[in-house]
Structure formats: C-alpha cells, structure tokens
Amino acid sequence: MIITDLTKIADNQGSVCGDLSRVSSCVIDDANDDSEGDISCSRISPGGNRYYVPVVDAAFTPFVKQIFESLDCCLKFYKEYGRYCGFDVRKGCDKRDEKGTTILKHFVCSREGFNELFRNKVVRGRRTVSRRCGCKARVVLKLMECNRYAVHNFVEEHNHPFVDESCRQFLRVNREMTVGLRSIVFDAAKVNIGCSKSFSLAKEMYGGYSNVGATLRDFRNFNRDLKQYVGEKDGQMMIDKFKVMQKTSSSFYYAYDVDSAGHLTKLFWADPVGRRYFEIYGDAVSFDATFDTNKYNMVFAPFTGVDKHDRCVTFAACLLSQESVSDYSWAFEQLVKAMGRNPVIIITDQCPAMKVAVPAVFSNANGLVPTKHRLCMWHIMNKFPIKLGNRLCKETDFMEKLKKFIWSSFLEIDEFEKGWAEVIKEFKLEGNKWLLDMYEIRSSWIPAYFRDEPMFGLLRTTSRSESENFFFSQFHKQGDSLCEFWIRYQSAMDRQRNETKRLNNESNSSMPTTLSTWYIEDDAAKLFTRTIFYKVQEEILAGCLDMQIKRMSDEVDGVTNFEIRDVKVKDKLFKVSVSRSHAVCSCKKFVMCGIVCRHSFCGLKQIGVTKFPKTLVLNRWMKIAECGSSSGSISVENDFLKMEQVSVKMTDICYDFRQVVDKAGLQADRLDYVHKVIKQLNDDLDSHGVGVDFTKRDHMAAMVGEEPQGDLAVLAPNVCKNKGNYFKRLISEREKAVTKSKKRVRRCKECSAVTHDLRTCPNRNRGES
C-alpha cells in the first residue's frame, strides 16, 4: 500500500527520482537499519521523495573543516569518495576575489541541476538523454590561510540511487585514458588496428572489460583528439619530424616542395638503411605509384628492389600531389641526389609521364651512367585481349604461339623478330596499329633485347612494386594524416627489415641439405643465402642430370668449349666456354640474373672443378653482402626511440602486474596485500611529484611530434585529384563488366528466371488467379 501511494505521488510530481523500480535495495521503515554489505541507506521525505546516504569508511568521507592543500587535492579526494559510493563528480560554480583567486569552490554530484532542454520539452532532431535530476550532494571549499582550503559545507544525501556494483566501470571517476591505454591505442594504430580491436586487445591484457578503466568510446575519443592535435599543422609537423631525424642521423635525406600558397605538394625521403641497400642492390629498381594511403589523395610511390634473399626491399619513397612529368622528374632527381648514382635499370608501367621523365633525368647529362628504362611485360600482355579481342586471344592458338617468342630469354634478337613476323603473318595482323606500336618499342619490353645487359633479367614486370603496394596497404588507411602515414610507414619498414634479419639469421646459423656429391654444392651453401642457394642447387642438379653434351673441344689456353643440349628446352643448342675460374654460356643467365646456369655447371663438372669459381659469385647474393657497404652510420640517438622504449616498459609492467595478481589468486588476504602495496606505491609517486607534468597533450606530442611554434612555413596539402583514386577515377566498360560478372545473379525461386523475382513471377500469379 505504501509503495503504491509513493508511486502515485512521484507520478503527480513528474519526477523520476522517486521511482521505486530504480531502487536496487532500500530500507523504508528505518533509515538507520543497515544490513551488512549495503553501501547506502535511504529515507523518505514528507513529499514522498527518497534520499540516499552512502555508507563508506570515515577515512574516505569528507567532513566540515577538513583541510586540503589545493583544490586539485580536494577534487581527487571527492572523486575517490564518489568512486566508492557509486556516483560521478564534476566541478561546480566558484567565487573569486578581485585578484582572480578562488575563494569559494563547489564540487557537486554529476546529476546536480536540470537540463533546460528537457525541462522546457524542446523537440530536437537528435534523440538525447539527460542524467540531471537536481541532486544537491556537494562539497563546498573555502579559502583559508596559507592558500589552503577547508571544507565549508558537505551535503551527503543524494536524491537518486547509486550505480550498481556491476556498472561502476562506466562511471567517469572510474574511467581514464591513462598513459598505458593511450599507448595501446597508438601502438595498435601503427599496424592498422582500429580502436574496436585495440579495446578488445586491452580487455585480454587486463583480464576483463571492467579492469580496462575505459570504454570503447574513450578509445575512439582519444583517436579523434590525436587527429585534432595534428589538424592543419600536418605538413609542418612532418617536415619538423624529418629535420629532427636528419639531426639525429646525418645519413637521413629528405626534400620537399610547396606551391605558391605554401601547401605541401612533393615529399621525398630516404633513410640510412635504404641508402645502404641501394648501394648494394640498386642495380635494378621497380617504380610504381599506389593510391588511397592518405586523406589528401597524394600518390605514394616507393622505389623497390630485390635483396640477397630475393625479397622486396625499399630504397626510398615519395608522396606526390600529381602524376605529371614535372612531379616524377622531381622525384627521380631527388633519388639521384640521395643515392649518388643512377640505377642500372628501372622498370615501370606504360605511364606517359614516366616515359618522358625517366630518360630525361636518368641520363648521362649529370656525368653518370644512363639508366635503361624497361616497361612491364605483364601490363602489355594484359592488353592483348582488349586490343585484339577475346575471340582471337582465347579461342585460337595465337597467344600460345606468340608467347613462345615474347617470354623466352633464350632467343636472340633476330630469332625473336623472325618468330614475331611469322605469327603476325599467319593470323593476318600486319595492319594492326596497336601491334605495330608495340613492335616499335619492342626494345623496352622484350627479353631478347636485354640479354647482354647485366641484371636486366632480374625484373621483367612491376610485380615487385605490386607486391610492395599490397604490403603497404596492410598498414595505411585512406583517412590518414601525413603524421599518421609516416608512423605507419615506419611500422611497415620495421616489419620488412625484421624479416630480413630473420632470414639473415637463418642463413648464417644453419646449413641447407645438399643433394649431390659434388663439392661445389657444399661451397655454394657456404657462400649464398638460403633462398639463392636453392636456386643454385636447382641449376646444379639440372646440370648433372638434364644435360646432353653434343660436342666437347680440346682445352686451349685453359678454356674448353662445349655444345650442350638441355632436355627441357627443345630445338636449342647452348654453347658453353669454361675454365677452372670462369664460365660463359650462350643462354646468358649469369649476365641477366647473376646466377650461374645449368649449362655452365655441366661444363664445370666435366673438367673436374670442385670449388665455386669466385668470378661467378656476385656480392649481392652472398650472405655477407652488406659488409662492403660504405654508407654513413645509421645509429640513432636514444631520445629518438623514446616512445618505443616507453611502450616496451608499459608492456613489461602490465605483464609483471598480471603475474603478481595470478600469484595472489583468489585469497583475500593476498589480494589485500597487493592492493596495499599498490596504493603505497601510488602515494610515493604522488609525494615525489612523479607524472604530474606529463599531461595528455605532452603524451600526444611525444607520439606524433611537437606542435610547431609561430606561423606555419609549410601548410597541409590540398586534396588532390588523381586518376588512380578509386572513388573518383573513370572506370572502363570492361572493368564494369568484370565487376558485374562477379556479382551473384538473383533468380526467381519459382521458375529460376533472372528477369523477375518470386513476388512478381507470372507463373505464381497465374496459379493464384
């Protein structure tokens, strides 16, 4: 009966504070009758409202005339009190003197006051809620002598129930993005892990969502704050970061360019490791642009090569606002300045701008050896069905016959030209303009024209660049700022170079199994990296098993000539000249790829060579390839790696803390001891002032860089419009058709037709009628 009457009174007053359905546990008859374990007691006012008084240890409860050294100390104490009770705390009004000193300060319950929008019932488009219910609980501080504050008034009663124990984790007093949590969000972002997954990762690290100390929304808000911290200062912060890196390591090279308004348009960089790799492996470079790596739609173009493990290696990279001749020329010029020489060969796609920029920059005008420009064979071969039609390319043997002459590395130039002419004549394509154009530029993409050039067989397509672009796509996002882009780029480089270290360790710490009794194979296992050794081993075994010697001359001046037939290559006779220190074969595989061919191994075995000739060992494939590089020191000062070291420390501390808690188990006395030690450690840190000055903004500055002071010399780039951006580029009819063909065809469930569905099926409608 009493409960029914109170409910009616609350409804008549329009208040939710007296709604008994929201009270988890209460005492009605006697306000002082508290059962063991209750955190609050309650009373009912004459008006029918219920008021709650927390039951907390006196050591954590404020009292009148209690002295605090500062307002912050009081706020911290009152928040701790609210955390024990189950309510949030916020700052209220204050009163100041003529000097601006606070003489009276209110700290109130977060549900103090009312939301005017809700009181006036203003209709808004967005659905919002309010937790304000006019709670009067507060603590009032008054300024005393010696700039200390005393509690002038303390209101303990609340007009709302306290938060249940299971929901305490959502209180603001229990939520804080600590240094550890901010580091988790930041470190996860380096490897393209978003806030949702990083929050789940933190839950597993801390042992539960309630132990994290923050919510998913807090994680996302911090990520938002980090982006806002960078804001329009993106370009200047990026350049400032490069300046710091150049100071810490003089071998770091960078260059940039701005437009007339000061917006960043071009950016190039090459770190010491990349420059050292270029000195060793820079004979063949693949260059291709990729898109959707930053919010400005700038083109990201890495310079890629092949290392001693036959893996992709990044020499340098650039960000360009346009795919124009001037932008590519600028990037190539910076590559030459950074590396000190032209690459031997550079392979690209058929981009018109690159066709002009490559020969213009990588020429002998600067006194260097000019670079040979090679076009990607895959891009050209992929156009055959488009230019000549699917019927010719897929329903006849035209492509099969033509590929014999296009892809073969064993043909001489005259053999290729003769074979090309025969196939074109057979299918009556002498007048096809596109084929005539491709034949005119045959020297830039047909392997037969690169047989006499060193290392030109190492790259025949831009697949290395395509692989590198896919690798970077696992780290970058389209909405990244330049600072975020750079952080993710460094993370990608760390993974790539760590993989190189792993392969170095495997090659140096173990010996692969040999499959023959020839001692030259054992010698190769000691010289080459594991990946290259397996390729050499394949050639050695083929030289012993798959070769037929058709003719062998007498030894003249230490040189023996052979004519050898390879059972796997029809209608081809290879001429080999070998001595005990060298070998030359007409297949020219060693010239093009730096790996001794099977025909040469057959000749070496025939004359009894047991040691691998040193003249047939290229430094780029050896285990000790990096030992001869002469680039400057790549050491970096410890301050530059401060955040990485801090992250490692945080991980170690979390791991050690989990170990301590696991050892305490479920025994209450042990857990109390752990809690006591932690609180004592916290008090010790507070007494020494540790961590007081390291604010959230300081942490963000340590993560992405200091904010530039004064006017910005380099403004953030303008949003660019490039042909490769997926959401803005023109899509061909062929690509639309391919995309449409991959979609699932919707069929009628009644008659399996594709022109209608079950609802409009004529058979079904006819049956119903």
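The protein comprises 28 helices and 18 strands, where helices (H or I, at least four residues) and strands (E, at least two) are DSSP runs numbered from the N terminus. The model is a predicted one, in which local features need pLDDT of at least 70 and side-chain atom pairs count only at pLDDT 80 or more, whereas totals for chains, interfaces and linings use all residues. Residues are numbered from 1 along each chain as its sequence is written, and side-chain values use heavy atoms, with hydrogens and water left out.

Of the 769 residues, 44% count as buried, a term that denotes under 20% relative accessible area, with exposed over 50% and partly exposed in between (1.4 Å probe, protein chains only). The protein exposes about 42,400 Å², of which carbon and sulfur atoms supply 52%; accessible areas come from the Shrake-Rupley method with a 1.4 Å probe. Among contacts (heavy atoms within 4.5 Å) with a separation of 6 or more, 63% are accounted for by residues 24 or more positions apart.

Strand E16 (residues 560–566) pairs with E17 in the antiparallel sense over six bridges, pairing being assigned if DSSP finds at least two bridges between two strands. Asn 561 stands opposite Ser 577 of E17. The hairpin of E16 and E17 has six residues between the strands, and Asp 571 takes a positive phi near 55° in this hairpin. Strand E17 (residues 573–578) has a covered face formed by Phe 574, Val 576 and Val 578, while Leu 573, Lys 575 and Ser 577 form the uncovered face. Strand E17 is also joined by three bridges to E18 (residues 583–585), and these two strands run antiparallel. Val 578 is opposite Ala 583 in E18, and a hairpin of four residues connects E17 to E18.

Val 258 has Leu 264 of E9 as its bridge partner. Five residues lie between the strands of this hairpin, where Gly 262 takes a positive phi near 90°.

Helix H8 (residues 234–248) packs against helix H19 (residues 482–509) at an angle of about 40°, with the axes 8 Å apart; axes are lines fitted to C-alpha atoms over the stretch in contact, and angles run from 0 to 180 degrees between N-to-C directions. H8 is therefore oblique to H19, since angles under 35 degrees count as roughly parallel, over 145 as roughly antiparallel, 65 to 115 as roughly perpendicular and the rest as oblique. Residues making the contact include Met 237, Met 238 and Phe 242 of H8 and Leu 482 and Trp 486 of H19.
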